[in-house]
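Please read this report with the sequence and the model side by side. The headings below go from the sheets to the core and then to the contact between the chains.

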2 protein chains.
Amino acid sequence: MRPERIGIVGGRGRMGRWFANLFKRAGYQVEISDLGTPLSNQDLARQCPVVFLAVPMERFEEVVIQVGPLMPPEAGLIDLCSLKARQVAVMLRETTCQVVGAHPLFGPGENSIVGQRVALCPARGNGWFNWFKDFLDTQGAETVVISPEEHDQLMAVIQVLNHFILLALGEVINRQGLDPQRLVNLATPSFIRQLNILSRLADQDPHLYAAIQFDNPAGDQIREAFARAVSKLKEIAQERREEEFVQLFTEVQTLGQKIRKAK
Amino acid sequence: MRPERIGIVGGRGRMGRWFANLFKRAGYQVEISDLGTPLSNQDLARQCPVVFLAVPMERFEEVVIQVGPLMPPEAGLIDLCSLKARQVAVMLRETTCQVVGAHPLFGPGENSIVGQRVALCPARGNGWFNWFKDFLDTQGAETVVISPEEHDQLMAVIQVLNHFILLALGEVINRQGLDPQRLVNLATPSFIRQLNILSRLADQDPHLYAAIQFDNPAGDQIREAFARAVSKLKEIAQERREEEFVQLFTEVQTLGQKIRKAK
């Protein structure tokens, strides 16, 4: 199973271009649609046996409504959104074709797919799912098959909470008026790593990050849980309750050991 | 200026041992005192031209009261505590000798001093300050001269806030009952780095981390500022205020660019 041509809706966006290049380098013919392209989204749906949706999350549903009904049952529709539960449900609702939910767990700033993770949610049929998974595995990516619901729940920590923490840290540094140069000069090995993670945000799209923050079904819950942990820890520190602090610290150390073993 | 022998009070502790090895490898004679050693703290104060204090912060003041008055004016007293304002003040109060505050900005888990940062606060006299700074520079460390007050203020972010954030993140992961293996499998490049930082806590001493959290004069203020940022961001996300989110995100991106340039 090798598609004659691959369609990418949103092929001029950063992630669309990234995957278009990846497929082209692997010898595939790639057709794209975007604002002002010769081919429309509907053209791709009619002409390509497999179509990728690389569109902003806020435009996702209208695009699926537009292209989904045009796709024949043997075709494949694969999205690249950062969330999966609602997105897969919308694709299943608007199509009779094969459906795969995919979430490349990296941004378009990465140079290579080797070692990068891609979450895959098989939703209807397995032909295009198997083709895409084999393609990614062959390219050196690490694919993880997961249900849309578990995906979104884990992303509530991996993306929502992680971004939330980085933004809160950045906001404090900005509000305190601290000199970034001085922070770098005196950083510990741990904090220099934290600053490096924070500085990676400079490459990212604020609107995508807003969608990840706002649209994850578990977002409010995880932010609330973090605020509770902050408030608990703040109290422990403010009241110098050393025994409780050491207890909590030790539990996090145990988690740290499990993370090390998990690699 | 090269001391005949170097004394290390707390020479059996992890940081004491680390520096004892560093000095020995550089050809110095090192004498240590600790619980049950042949030499007492007072012996070191009387016999060694330069004495390092590598003792837990909660025992620091009593040790300075014990050894400080025994040291002749030409001797040097250098501490290795993670905080500097109170520590330097106590050493100045209890001695007439030369005094240097030092904070190695790394833990005893690091293999080499090359590229590691050490904050130095010259406090009284410059002979021993110059000797120690030259020694560190020659060994490949990056020394940063700073006032005790600025040091503690920057450490409120670099250590207090950084550790605080990692503990709050670990606490949330633990309370949510998430599988660390699954988090690693689906981690983005950003979050895998965050998990790596968190897992470094496994090597650290909970009591030192409690002291860093509890004793920094700016600790309460910085934890409060972080809780305010969390609460502000939580509200923005909960109410899906995209414009404000993008504004804050962009400000953090600007900070990220400054951090990159600062390296």
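## Terms and numbering

Two strands pair if DSSP finds at least two bridges between them. Helices (H or I, at least four residues) and strands (E, at least two) are DSSP runs, numbered from the N terminus.

This is a predicted model, in which local features need pLDDT of at least 70 and side-chain atom pairs count only at pLDDT 80 or more, while totals for chains, interfaces and linings use all residues. Residues are numbered from 1 along each chain as its sequence is written, and chains are lettered from A and ligands numbered from 1 in the order in which they are written.

## Chain A in outline

Chain A has eleven helices and seven strands. Along the principal axes, its C-alpha atoms fill a box of roughly 65 × 35 × 35 Å. Chain A has 263 residues, and 49% of them count as buried. A residue is buried if 20 or more other C-beta atoms lie within 10 Å of its own, exposed if 12 or fewer do, and partly exposed in between, with C-beta atoms placed from the backbone.

Two residues are in contact if their C-beta atoms, placed from the backbone, lie within 7 Å. Of the contacts in chain A between residues at least 6 apart in sequence, 64% join residues at least 24 apart.

## The sheet of chain A

The seven strands of chain A form an open sheet with mixed pairing, in the order β2-β1-β3-β4-β5-β6-β7. Its edge strands are β2 (29–33) and β7 (142–145), each of which pairs on one side only. On average, neighbouring strands are turned by 25 degrees against each other, direction ignored. Angles run from 0 to 180 degrees between N-to-C directions, and axes are lines fitted to C-alpha atoms, for helices over the stretch in contact.

Helix α1 (residues 14–25) of chain A packs on the sheet and touches β1 (5–9), β2 and β3, with its direction at about 165 degrees to that of β2(A). Helix α5 (residues 127–139) of chain A lies across β3, β4, β5 (98–104), β6 (117–124) and β7, and runs at about 30 degrees to β5(A).

Strand β3 (residues 50–53) of chain A pairs in the parallel sense with β4 (residues 76–79) over four bridges. β3(A) also pairs in the parallel sense with β1(A), again over four bridges. A:Val50 in β3(A) stands opposite A:Ile6. Towards β4(A), A:Val51 stands opposite A:Leu77, and A:Phe52 has A:Ile78 as its bridge partner. β3(A), helix α3 (residues 60–67) and β4(A) make a right-handed β-α-β unit. A crossover is right-handed if, with the strands pointing away from the viewer, the path from the first strand over the helix to the second runs clockwise.

Which way do the residues of β3(A) point? A:Val50 and A:Phe52 point one way, A:Val51 and A:Leu53 the other way, and all are buried. The largest nonpolar core has 179 residues, and A:Val51 and B:Val51 have the most contacts inside it. A nonpolar core is a set of buried Ala, Val, Leu, Ile, Met, Phe, Trp, Tyr and Cys residues joined through C-beta atoms within 7 Å. Leaving out residues up to four places away in sequence, A:Val51 touches A:Gly7, A:Val9, A:Leu44, A:Ala45, A:Val67, A:Met71 and A:Leu77.

## Strand β1 of chain B

In chain B, four of the five residues of β1 (residues 5–9) are buried, so this strand is largely enclosed by the rest of the structure. β1(B) pairs in the parallel sense with β2(B) over five bridges, and B:Gln29 in β2(B) is the bridge partner of B:Arg5. From β1(B) the chain crosses through helix α1 (residues 14–25) to β2(B) in a right-handed β-α-β crossover.

β1(B) and β3(B) pair in the parallel sense over four bridges. There, B:Val9 has B:Leu53 in β3(B) as its bridge partner.

## The two chains together

Chain A superposes on chain B (RMSD 0.0 Å) by a rotation of 180 degrees with 0.0 Å of shift along its axis. The two copies are therefore related as by a two-fold rotation axis. The superposition is by least squares on the C-alpha atoms of residues with pLDDT of at least 70 in both copies. The same surface serves both copies, as 100% of the contact residues of chain A recur in chain B.

In this contact, 83 residues of chain A meet 83 residues of chain B. Elements that each supply at least two residues of the side of chain A that touches chain B include β6, α7 (180–185) and α11 (242–262). The largest share of that side, 18 residues, comes from α6(A).
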